[in-house]
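Please look over the sequence and the model shown here before reading on.

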Amino acid sequence: RDALTQAMGRQYESIRSLDGYIDNISKFGYPDDYPMQRLKLLESLGPDVLNTLVQEHVRPDRMAILVVGDASAVKAGLEELGYGEVVELDIDGNPIKPEL
């Protein structure tokens, strides 16, 4: 909820982002006060509703977690988390083959 609320502010940061946001409001037929309606809706969502939405829509077994950083500093800690195999990628997103 907080992330969605904070992200709304970025929709007005530049002329380009504001133009895109206004275009979407027009394209989808949202009312003029759509941003305020959305904020009110987000603020009204309590922990029970949020937990229900998470249970319905978030599928950890289908997620990919991307970590950017120094592999030698973070890889062991990531492996300890137990989320599965840690796959190192090069700058183009191709898997790096381990050295033999």
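The sections below cover the basis of the model, its overall build, its surface and its charged side chains.

## Basis of the model

This is a predicted model, in which local features need pLDDT of at least 70 and side-chain atom pairs count only at pLDDT 80 or more, while totals for chains, interfaces and linings use all residues. Residues are numbered from 1 along each chain as its sequence is written, and side-chain values use heavy atoms, with hydrogens and water left out.

## Overall build

The chain has five helices and zero strands, where helices (H or I, at least four residues) and strands (E, at least two) are DSSP runs numbered from the N terminus. The chain is more spread out than a compact globule, because its radius of gyration is 20 Å, well over the 13 Å that the globule rule gives for 100 residues; the radius is taken over C-alpha atoms, and the rule is 2.2 Å times the number of residues to the power 0.38. Along the principal axes, the C-alpha atoms fill a box of roughly 60 × 35 × 20 Å.

## Burial

Of the 100 residues, 8% count as buried, a term that means under 20% relative accessible area, with exposed meaning over 50% and partly exposed lying in between (1.4 Å probe, protein chains only).

## The salt bridge

A search of the whole structure finds one salt bridge, defined as a side-chain nitrogen of Lys or Arg within 4 Å of a carboxyl oxygen of Asp or Glu. Lys75 forms this bridge with Glu88, and their closest N and O atoms are 3.2 Å apart. Lys75 lies in helix H5 (residues 71-81) and Glu88 in the segment after H5, so the pair ties together parts that are 13 residues apart in sequence. Lys75 is partly exposed, with a relative accessible area of 27%, and Glu88 is partly exposed at 30%.
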